[in-house]
Amino acid sequence: MRIDAEPFPLDLDPATTALIVIDMQRDFIEPGGFGASLGNDVTRLQAIVPTTARLIDGCRAAGVPVIHTRECHKPDLSDCPPAKRLRGAPSLRIGDEGPMGRVLIAGEPGAEIVAELAAIPGEKVIDKPGKGAFYATDLGPYLACLGTKTLIFAGVTTEVCVQTTMREANDRGFDCLLAEDATESYFAEFKEAALQMIRAQGAIVGWTAPVATILSALEMADA
């Protein structure tokens with residue numbers, strides 16, 4: 001099927017495509033979480049939850065596997081280097097006790113995906129200690145088992161964990177498509193810059209398209 005994407009149309013086969021939803025976690029999206037503790041306006045990220053839900057539902061209906069990631073660490077912080085934990089001067093640091101449990105710690109309430117986008121039985125959930133979803137995880141072997149060639153991306157934040165994972169995927173030979181209105185940043189200008197970087201120089205990292213365009217193509221392919 002063909003997606004009317006930028007910077008030019010992208011051909012993909014739903015049978016060899018997967019959706020990766022990056023870090024749609026309470027600690028990043030809800031008031032009182034880690035994102036808010038850094039002084040960010042979390043309502044920007046909350047705004048994409050309905051659109052992301054539509055993308056997930058559409059991929060499920062089309063038989064496209066959905067993979068969820070969560071940025072989180074072991075309770076003893078053995079997988080969180082000091083250079084990450086001690087950066088800046090936030091009111092909460094990774095591992096500190098916050099309103100939703102210990103910040104970005106696996107198994108704590110704040111590290112969970114928001115309820116509207118939660119994985120269903122059978123869907124892969126990857127806990128990642130870094131920005132990119134391929135680092136120190138089994139994402140690569142899992143995609144190889146699926147026979148995946150194209151990845152659709154959604155999630156937060158556009159310029160950090162989403163773009164990092166797209167670049168990792170690009171280096172591994174995947175075609176990458178970012179759903180423009182199912183990704184967001186705390187900073188509007190950062191999102192726009194990331195979109196431009198991704199599709200610059202003939203899709204040097206990947207393609208971008210609105211959710212409605214992606215879902216329309218999936219529905220036509222399934223008809």
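## Confidence along the chain

Helix α2 (residues 34-37) has the lowest mean pLDDT among the elements of the chain, at 92, while strand β3 (residues 17-22) has the highest, at 99. Here pLDDT is the predictor's confidence in each residue, on a scale from 0 to 100. Helices (H or I, at least four residues) and strands (E, at least two) are DSSP runs, numbered from the N terminus. Over the chain, pLDDT averages 97, and 100% of the residues score at least 70.

This is a predicted model, in which local features need pLDDT of at least 70, side-chain atom pairs count only at pLDDT 80 or more, and totals for chains, interfaces and linings use all residues. Residues are numbered from 1 along each chain as its sequence is written, and side-chain values use heavy atoms, with hydrogens and water left out.

Let's start with β3, where six of six residues are buried (under 20% relative accessible area; over 50% is exposed and in between is partly exposed, using a 1.4 Å probe and protein chains only). Both of its faces are covered: T17, L19 and V21 sit on one side, A18, I20 and I22 on the other.

β3 has strand β8 (residues 150-156) as a parallel partner, joined by six bridges. Two strands pair if DSSP finds at least two bridges between them.

## A closer look at H68

H68 belongs to strand β4 (residues 66-71). Is H68 buried or exposed? H68 counts as buried because its relative accessibility is 1%.

Leaving aside neighbours within four places in sequence, H68 is in contact with residues including V21, I56, R60, L117 and E123 (contact means heavy atoms within 4.5 Å). I113 is on that contact list too. H68 and I113 are 45 residues apart in sequence, yet their C-alpha atoms are 8.5 Å apart in space.

## The largest pocket

How much space lies in the largest pocket? The answer is about 540 Å³. On a 1 Å grid over the protein atoms alone, a pocket is an open set of points where a 1.4 Å probe fits, with protein on both sides within 12 Å along at least five of seven lines; lining residues have an atom within 4 Å of a point. Grid points are joined across faces, edges and corners, and the volume is the space filled by probe spheres set on the points.

The lining has 24 residues, with F28, F34, L38, K131 and V160 nearest the centre. Elements giving two or more residues to it are α2, α5 (82-85) and α7 (158-171), and α7 gives the largest share, three residues.

Two peptide bonds are cis: E6 to P7, with omega near 10°, and V156 to T157, with omega near -20°. P7 lies in the loop between β1 (2-3) and β2 (10-11), whereas T157 lies in the loop between β8 and α7. T157 is buried, at 12% relative accessible area.

L104 isn't a glycine, but has a positive phi of about 55°. You'll find L104 in the loop between β6 (101-102) and β7 (124-128), buried at 1%. Q201 isn't a glycine either, and its phi is about 50°. Q201 sits in helix α8 (residues 188-203) and is exposed, with 69% relative accessible area.
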